[in-house]
Amino acid sequence: MQKIKSLMTRQGLKSPPESFSDLGAIESLRVPGKEEFRELREQATDPQAEQELINSIEQVYFSTDSFDIVKYELEKLPPVLNLQELEEYRDKLKQQQAAVSKRVADLILEKQPAYVKELERVTSLQTGLQLAAVICTNGRRHLNIAKEGFTQASLGLLANQRKRQLLIGLLKSLRTIKTLQRTDVRLSEMLEEEDYPGAIQLCLECQKAASTFKHYSCISELNSKLQDTLEQIEEQLDVALSKICKNFDIHHYTKVQQAYRLLGKTQTAMDQLHMHFTQAIHNTVFQVVLGYVELCAGNTDTKFQKLQYKDLCTHVTPDSYIPCLVDLCKALWEVMLSYYRTMEWHEKHDNEDTTSASEGNNMLGTEEMNFDRGYVKKKLEHGLTRIWMFS
C-alpha cells in the first residue's frame, strides 16, 4: 500500500489526507467519477497478473519525493537506441502504470462510501462546532450580565442584613435599658415584701448588665444609683437581723442569711448578730428595770433614762424587786431562746450545705463554704458563753 501511495505521488495523484484538520484540502479533493473507475478496472482482469506487474516495479520508484523519474529513465537508456526495445519497455511501463492505477481505483472505489460518510460527519461536526461557538459566546455574554446583576443584588442584601442586625442589637439594648430604668420600682417592692435575697440578686444582675452598657450616660447614672440601693439593702438587712434577737422567726432568718450569702458577707453577718444580741440584752434589761423604777417613783421623770444601769438598779424598791427579777428572767430567757434557735438553724443548714457541696464539683466554692461554716460555728460557741455571762 505504501508503494502504491508513493507511486501515486510520482504520477501526480493525490491521496486522501491522513487527518481532517485541513478541511480546505478535503473540499478541494476531486473524487473520480464512476466512468473513470470503470475504465480503470476493465484494463486488467487477472488479479495474479496484476499483482506480478506491481511487484515488478522497481523499488526506486517508491523512494523520496525528490526523486526524478524522467531523469532516472533517461539515464538508463543505452548508448545505442533500439526502437523495438524502447517500445517494449514503454509498453511494460504503461502496463505497470495501468496496474497501479487500477489498484488505486479499486481501493478508492472500495473506501468511497466510508470516505463520503466520514466527510459528511466532518462537515456536520464543523457545523456543530460553529453552533457551539455561537452558544458559548451568547452564554458568556448572558453570564456576565447575570454576574453584574447578582453582585449588585448581593451587596444590597448584605447591606440590608447588616443594618437589620445592627437594629436588632440596638432594639435589644433599648429593651435592656428600659428594664434597668424600671428596676428601682421593683427593688422597692421587694424590700417592702422583705424579699432581701431576691432584691440583692436583682440588684447584682442589674449592676452586671449596667456595666455592659456603661457607655450610655443614663446607665452610668443608674449604676451609681444601684450601688446606693445595694447599700440601702445592707442597712435594712442589719435592721432585719436585729429583730432575730427577741423573736426568732425561721423563715425571716433564712431569707436574711441567704441575702448575706449573696453579698459574700456571711462572717460579717455573724459579727453583727452577736453585737445585736449584746445590744438586745442591754436594752431589754434596762427597759424592764426602768419600767419598775418609774412605776415605783410615780412619775415619768426623764432623769431615770439618763442613768447607768447599775445606778438605775439602786432605785428599785424592795417590794418590786421580786417581780422585776422575774420579768428580767423572762426577757432574758426570750433572748437566749432566740440565740439557741439561731444555733439550731445553723447546725441544720450546715449539714444540708455539706451534703450539697459533696455532690457538686466546685472545689473552690466548697472550701470557701467550709471556712465560713467553721467560722460561724466557733463564733456561736464562743458567743454563747459571753452572752450568758453578760446576762
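1. A residue is called buried here when its relative accessible area is under 20%, exposed when it is over 50%, and partly exposed in between, with a 1.4 Å probe and protein chains only. By that rule Cys-324 is buried, with a relative accessible area of 4%.

2. The model is predicted: local features need pLDDT of at least 70 and side-chain atom pairs count only at pLDDT 80 or more, while totals for chains, interfaces and linings use all residues. Residues are numbered from 1 along each chain as its sequence is written, and side-chain values use heavy atoms, with hydrogens and water left out.

3. On the cysteines: a disulfide is a pair of cysteine sulfur atoms within 2.5 Å, and a search of the whole structure finds zero disulfides. Cys-324 is in no such bond, the nearest cysteine sulfur being that of Cys-313, 7.2 Å away. For Cys-329, the closest cysteine sulfur belongs to Cys-324 at 9.5 Å, which is too far for a bond. Cys-329 counts as partly exposed, at 45% relative accessibility.

4. The expected span of a helix is 1.5 Å times one less than its number of residues. The 17 residues of H8 should therefore span 24 Å, and the end C-alpha atoms are 25 Å apart, which agrees. Buried residues of H8 include Tyr-196, Pro-197, Cys-203 and Cys-206. Among the elements that cover the buried residues of H8 are H6, helix H7 (183-192), helix H9 (217-242) and helix H10 (250-263).

5. Contact means heavy atoms within 4.5 Å; leaving aside neighbours within four places in sequence, Thr-284 is in contact with Lys-246, Ala-331 and Val-335.

6. On salt bridges: the term denotes a side-chain nitrogen of Lys or Arg within 4 Å of a carboxyl oxygen of Asp or Glu, and the structure holds five. One of them joins Asp-91 to Arg-90, with the closest N and O atoms 3.7 Å apart. Asp-91 is partly exposed at 33%, and Arg-90 is partly exposed at 42%.

7. Another salt bridge joins the side chains of Arg-186 and Glu-189, at 3.2 Å from N to O. These two residues are separated by about one helical turn, because they stand three residues apart in helix H7. An α-helix has 3.6 residues a turn, so residues three or four places apart point the same way.

8. Lys-265 forms a salt bridge with Glu-234, the closest N and O atoms being 2.9 Å apart. Lys-265 lies in the loop between H10 and H11 and Glu-234 in helix H9, so the pair ties together parts that are 31 residues apart in sequence. Lys-265 is partly exposed at 29%, and Glu-234 is partly exposed at 25%.

Definitions and conventions
Helices (H or I, at least four residues) and strands (E, at least two) are DSSP runs, numbered from the N terminus.
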